[in-house]
There are 4 protein chains.
Amino acid sequence: MPFPAPLTGVVPPVCTPLTPEREVDVPSLVRLVDHLVGAGVHGLFVLGSSSEAAHLTDRQRRLVVETVVAHVGGALPVLAGTIDMTTPRVLDHVAAVTAAGADAVVVTAPFYARTHPAETARHYRLVSERSPVPVLAYDIPASVHTKLGQELVLGLAAEGVLAGLKDSSGDQGAFRAVVAEARTRADITGFSVLTGSELLVDAALAMGADGAVPGLANVDPAGYVRLYGLCRAGDWARARAEQERLCALFGMVGVGVAGGRMGAGSSALGAFKAALHLRGVIDCPVTAEPQVPLAADEVERVGKYLAAAGLL
Amino acid sequence: MPFPAPLTGVVPPVCTPLTPEREVDVPSLVRLVDHLVGAGVHGLFVLGSSSEAAHLTDRQRRLVVETVVAHVGGALPVLAGTIDMTTPRVLDHVAAVTAAGADAVVVTAPFYARTHPAETARHYRLVSERSPVPVLAYDIPASVHTKLGQELVLGLAAEGVLAGLKDSSGDQGAFRAVVAEARTRADITGFSVLTGSELLVDAALAMGADGAVPGLANVDPAGYVRLYGLCRAGDWARARAEQERLCALFGMVGVGVAGGRMGAGSSALGAFKAALHLRGVIDCPVTAEPQVPLAADEVERVGKYLAAAGLL
Amino acid sequence: MPFPAPLTGVVPPVCTPLTPEREVDVPSLVRLVDHLVGAGVHGLFVLGSSSEAAHLTDRQRRLVVETVVAHVGGALPVLAGTIDMTTPRVLDHVAAVTAAGADAVVVTAPFYARTHPAETARHYRLVSERSPVPVLAYDIPASVHTKLGQELVLGLAAEGVLAGLKDSSGDQGAFRAVVAEARTRADITGFSVLTGSELLVDAALAMGADGAVPGLANVDPAGYVRLYGLCRAGDWARARAEQERLCALFGMVGVGVAGGRMGAGSSALGAFKAALHLRGVIDCPVTAEPQVPLAADEVERVGKYLAAAGLL
Amino acid sequence: MPFPAPLTGVVPPVCTPLTPEREVDVPSLVRLVDHLVGAGVHGLFVLGSSSEAAHLTDRQRRLVVETVVAHVGGALPVLAGTIDMTTPRVLDHVAAVTAAGADAVVVTAPFYARTHPAETARHYRLVSERSPVPVLAYDIPASVHTKLGQELVLGLAAEGVLAGLKDSSGDQGAFRAVVAEARTRADITGFSVLTGSELLVDAALAMGADGAVPGLANVDPAGYVRLYGLCRAGDWARARAEQERLCALFGMVGVGVAGGRMGAGSSALGAFKAALHLRGVIDCPVTAEPQVPLAADEVERVGKYLAAAGLL
């Protein structure tokens with residue numbers, strides 16, 4: 001199957017279930033994929049930030065891609081993150097995930113090293129040249145401390161370097177500009193603009209975006225698929241109601257933050273995994289090290305969010 | 001040889017010479033080690049930021065450690081960086097560099113993931129538990145966007161988790177506090193406090209620091225060894241003169257920035273490598289991708305810095 | 001007229017026309033007010049960031065409020081910014097602008113001093129206690145380097161401290177949360193949630209926001225009034241088209257940035273004033289010191305944006 | 001008395017004692033000045049950050065300058081801060097403080113507005129042109145979120161725009177570069193380079209700095225005067241011991257932070273004022289709004305710091 005140009009729809013960043021010993025829990029991962037595919041999602045994004053890719057060893061990353069690719073058997077596109085600091089290291093990941101069958105790679109700006117926009121552009125050109133599959137840019141300044149400028153993204157789109165953008169920047173104004181130009185410029189075709197926001201999917205689609213990559217879609221894939229359908233049908237009132245239900249559900253990401261014992265990442269990923277465990281999808285809610293686990297009362301609060309959203 | 005407690009002296013972060021094809025240039029690396037050891041440095045730090053560790057593949061990292069360890073043959077301690085995002089990935093590097101013979105590991109705070117101080121502490125405890133060699137903390141907020149708090153460092157020192165600190169934070173006040181407490185607290189012994197600054201070695205040693213890890217010591221190791229000796233002898237006037245000569249030489253790191261074509265990292269590492277090439281130590285001044293290379297006139301300016309410092 | 005609870009509609013942050021000697025140009029200011037009121041805006045916000053309030057002396061600030069209040073004569077509400085660092089200084093501005101007739105004050109978090117959320121809350125409570133008119137919070141982290149947390153804003157709304165929020169934070173997810181809670185919580189009534197974005201007015205209103213405070217409404221007030229009406233009528237397709245026309249027009253804010261001679265503020269405010277001058281509303285496009293003026297070719301490009309939007 | 005070129009020595013940023021009603025406590029201010037002058041300080045800096053200038057109304061600021069200038073009667077130079085956002089507002093403060101008798105003004109980069117380096121340079125040129133007294137630059141990125149580049153400072157020094165630099169940036173490397181160039185460049189004479197650090201005065205003077213502006217000198221002026229003398233005499237060992245005693249005393253700034261009830265500013269200024277109150281210099285330790293006051297146990301801990309330093 002050729003990679004869709006543009007890729008559209010709901011493409012969850014697939015969580016990585018772990019065993020209590022913090023190995024990849026393959027049976028749980030397969031059940032999670034079934035849970036997502038059964039709900040009608042349009043693609044799968046493995047090894048993203050919500051997948052704890054930054055916490056997985058190279059061996060574990062390979063196992064994740066192989067498992068998911070083998071299980072979906074080409075039924076829908078599988079995108080893989082290649083999260084690492086610089087071009088040579090990212091290229092090693094590109095080689096590994098494409099050998100394992102990924103249909104596209106999702107690549108952040110360089111990080112750790114202090115990076116100039118010219119170096120970021122060079123990074124994408126070098127990765128794209130040597131990648132056997134399409135490259136999507138992953139704009140996530142909270143993690144890499146660089147915002148991909150809209151001119152840079154659109155320029156690389158026009159060059160054919162980038163096939164799409166996953167925007168987790170939180171800058172909806174810049175996102176809208178990319179959507180508008182990607183749709184109107186003659187030198188850009190088939191470019192996919194996807195929001196990484198859980199909270200603004202209706203707004204992003206109303207602006208003309210192609211789809212969404214919400215971490216919360218692990219927990220409620222049917223909700224996001226329904227939301228996508230309502231937006232595509234132009235039923236904005238019901239779309240808003242569905243989106244607001246999902247916004248309320250998303251409140252779960254804060255259950256661990258209030259206590260001051262952990263950061264926002266531990267809390268959010270802990271909550272997603274606790275929810276998947278409570279819903280019976282995965283066997284164990286553990287997150288990778290050095291993240292701090294949720295306490296029992298925090299897990300209980302996750303359960304209340306699920307109940308309030310009609311998911312328990 | 002047991003690892004010194006505390007480690008003292010000049011411990012250059014060893015640059016990684018590359019071939020034009022951007023493979024590790026082993027003969028040049030060996031010559032660089034000879035250049036450093038011959039000048040009297042007290043230890044070697046491979047796979048640090050100045051080594052472009054963020055740009056080296058795992059295979060290249062292993063080759064660097066094996067080469068340097070084999071060449072120095074235990075004559076002086078070899079520390080190795082394990083720069084990666086989180087505990088599981090860092091532990092893979094710890095295993096690799098200690099298998100290759102490193103005498104200690106130098107470990108940053110987690111990055112990419114949003115990290116809470118409790119998670120940072122947990123990271124160091126887990127790495128230390130599973131490392132066969134001493135662990136030094138590497139405080140480099142410009143790269144990892146987290147500052148290691150002085151209480152956290154001192155607490156982990158007292159627990160025996162950390163054997164030392166390489167401070168590249170630029171916060172001399174906090175550095176001084178760590179030096180002062182590490183020397184006076186009864187529950188902390190043998191803890192090594194090293195500055196990563198090129199410009200403040202005399203000041204750091206005057207405050208009681210144990211040593212320095214200056215990237216510029218690749219270019220002028222004899223200068224830093226001389227500076228260290230003058231400080232240890234209490235000859236502060238001549239130390240200052242030597243330090244100021246080295247400060248002027250350090251100006252080379254800006255040769256590429258003015259043009260607006262590259263970032264500070266490309267410029268600084270490009271300048272160090274150009275200087276090593278001009279001094280006849282390494283065969284090729286190329287830096288790893290996606291860094292932008294210096295132009296001919298910028299290399300020429302590096303030569304002028306060398307000449308002004310009496311090194312050409 | 002009592003202050004509307006909630007305030008709704010289009011409330012432009014009124015630019016402050018200056019003479020070539022950089023005094024307030026009262027006749028131009030009056031013409032600008034007529035231009036806005038004539039287009040049907042629902043309120044006026046003087047002494048905001050787009051008004052260059054940070055650049056106006058106390059005497060000039062007073063003159064602006066007196067002029068605008070006198071000219072509109074109660075026909076629509078006049079809100080005034082009180083931009084300053086801390087409580088005592090803000091209270092002096094509150095006294096001045098309410099003496100001059102302002103119907104509400106718009107107050108940022110403290111800045112310059114390092115401020116804790118408890119201090120920010122205390123600031124709003126103290127200002128509100130001593131203000132004779134309603135207080136709206138002005139969330140503008142790009143200027144004050146503090147984001148107003150949604151819990152803080154909603155808590156102060158429930159206490160009756162805040163009458164509304166002007167959100168210039170760029171964080172649409174948090175904005176949506178405030179809108180949703182302000183509408184559903186029983187302890188919050190009449191609270192006005194206004195977006196400060198030029199680019200996302202349709203999206204904000206679709207989420208349930210009460211109105212918008214877009215700087216670009218100085219240049220095209222009729223466009224924003226039309227956009228507001230289309231959104232209120234639920235005609236989202238035509239609203240989007242109008243919004244996209246305004247997004248394209250907003251491109252003018254970048255005319256000065258490309259040259260590297262000035263910052264984003266000089267460029268944006270210079271462009272708004274150049275546009276008002278080209279449209280014949282104000283006599284002189286000069287901005288306050290130390291901002292850098294646009295060059296002739298940059299002004300020409302502003303004209304092209306106006307022409308493309310059908311405004312020349 | 002002409003303003004010294006360069007200004008040298010210990011120049012405390014004078015705290016502003018307040019009454020319980022938060023008016024300037026003139027008798028306490030006079031006693032504080034006597035406490036400082038009696039200890040042998042070389043100048044006084046009023047309306048700086050440690051003076052809570054950001055929290056004082058214009059009327060209060062004027063009263064402070066008038067009081068201090070009248071009381072010292074020309075016996076030593078009085079510098080005054082003009083902390084405000086932009087050129088026109090700063091010029092109003094320059095007029096006020098020089099009318100009140102200040103011998104020099106200390107001026108930060110613009111803040112609140114997003115400022116380009118060219119605008120910062122323009123700001124200093126405009127202020128200097130219109131100031132009747134010398135202008136020192138105040139580099140305090142923690143407050144204004146802009147670092148004054150060393151080239152900018154040295155360029156303005158060479159132009160005669162700036163008479164000196166108060167460096168509160170924390171970047172000792174850049175500070176050293178300014179010191180070195182200011183001493184060696186033929187086109188710069190009489191330029192005063194002062195550190196704003198409490199913790200690094202010996203180090204700064206060893207590098208060639210002209211003096212120090214430490215907030216803690218309110219609490220222990222004799223200590224800083226002694227430290228300055230030891231450094232000037234080249235007695236580095238005793239200087240270090242004195243500096244380390246002051247470093248330990250400086251620990252008081254953290255007494256309020258641990259509780260999570262206040263920010264670092266409230267804690268530090270609260271501690272300085274509590275110490276002055278405990279030492280009998282000022283009548284009331286209150287800080288300006290919206291700062292949070294220290295609790296009784298926190299004040300007690302301030303007392304322990306004083307006792308440990310031999311000051312109670």
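Visitor: Is Cys247(B) buried or exposed?

Guide: A word on conventions before the answer: this is a predicted model, in which local features need pLDDT of at least 70 and side-chain atom pairs count only at pLDDT 80 or more, while totals for chains, interfaces and linings use all residues. Residues are numbered from 1 along each chain as its sequence is written, chains are lettered from A and ligands numbered from 1 in the order in which they are written, and side-chain values use heavy atoms, with hydrogens and water left out. As for burial, a residue is called buried under 20% relative accessible area, exposed over 50% and partly exposed in between, with a 1.4 Å probe and protein chains only. Cys247(B) has a relative accessible area of 18% and is therefore buried.

Visitor: How many disulfides are there over all chains?

Guide: In general, a disulfide is a covalent bond between the sulfur atoms of two cysteines. The criterion used here is a pair of cysteine sulfur atoms within 2.5 Å, and a search of the whole structure finds zero.

Visitor: Where does Cys231(D) lie, and which residues is it in contact with?

Guide: Helices are DSSP runs of H or I with at least four residues, strands are runs of E with at least two, and both are numbered from the N terminus. Cys231(D) lies in helix 9 of chain D, residues 221-232, and counts as buried at 4% relative accessibility. Contact means heavy atoms within 4.5 Å; leaving aside neighbours within four places in sequence, Cys231(D) is in contact with Asp202(D), Leu205(D), Trp236(D) and Ala239(D).

Visitor: Which backbone nitrogen does the side chain of Asn218(A) reach?

Guide: A polar contact is a pair of N or O atoms within 3.5 Å; within protein, one must be able to donate a hydrogen and the other to accept it, and residues adjacent in sequence count only if both atoms are side-chain atoms. The side chain of Asn218(A) reaches the backbone nitrogen of Cys15(A) at 2.9 Å. Asn218(A) sits in the loop between strand 8 (211-212) and helix 9 (221-232) of chain A, and counts as buried at 0% relative accessibility. Beyond its neighbours within four places in sequence, Asn218(A) has contacts that include Pro13(A), His35(A) and Leu276(A).

Visitor: How many residues of chain A are in contact with chain B, and what area is buried between them?

Guide: Buried area is the accessible area (1.4 Å probe) that two parts lose on being put together, summed over both. Here 49 residues of chain A are in contact with 49 residues of chain B, and the area buried between these chains is about 3800 Å², with 55% given by carbon and sulfur atoms. Arg89(A), Tyr112(A) and Pro290(A) lose the most area in chain A to chain B, together 21% of what that side buries.

Visitor: How many salt bridges cross the interface of chain A and chain B?

Guide: A salt bridge is a side-chain nitrogen of Lys or Arg within 4 Å of a carboxyl oxygen of Asp or Glu. Six are found across the interface of chain A and chain B, among them one joining Arg89(A) and Asp84(B) at 3.3 Å, N to O. There are also 24 residue pairs in polar contact between chain A and chain B, both residues at pLDDT 80 or more.

Visitor: What do chain D and chain B bury between them?

Guide: Chain D and chain B bury about 1300 Å², 51% of it on carbon and sulfur atoms. Arg176(D), Leu200(D) and Arg240(D) supply 40% of the area that chain D buries against chain B, more than any other three residues. This contact takes 17 residues from chain D and 17 residues from chain B, and the count of salt bridges between these chains is four, including that of Glu244(B) with Arg183(D), whose closest N and O atoms are 3.2 Å apart.
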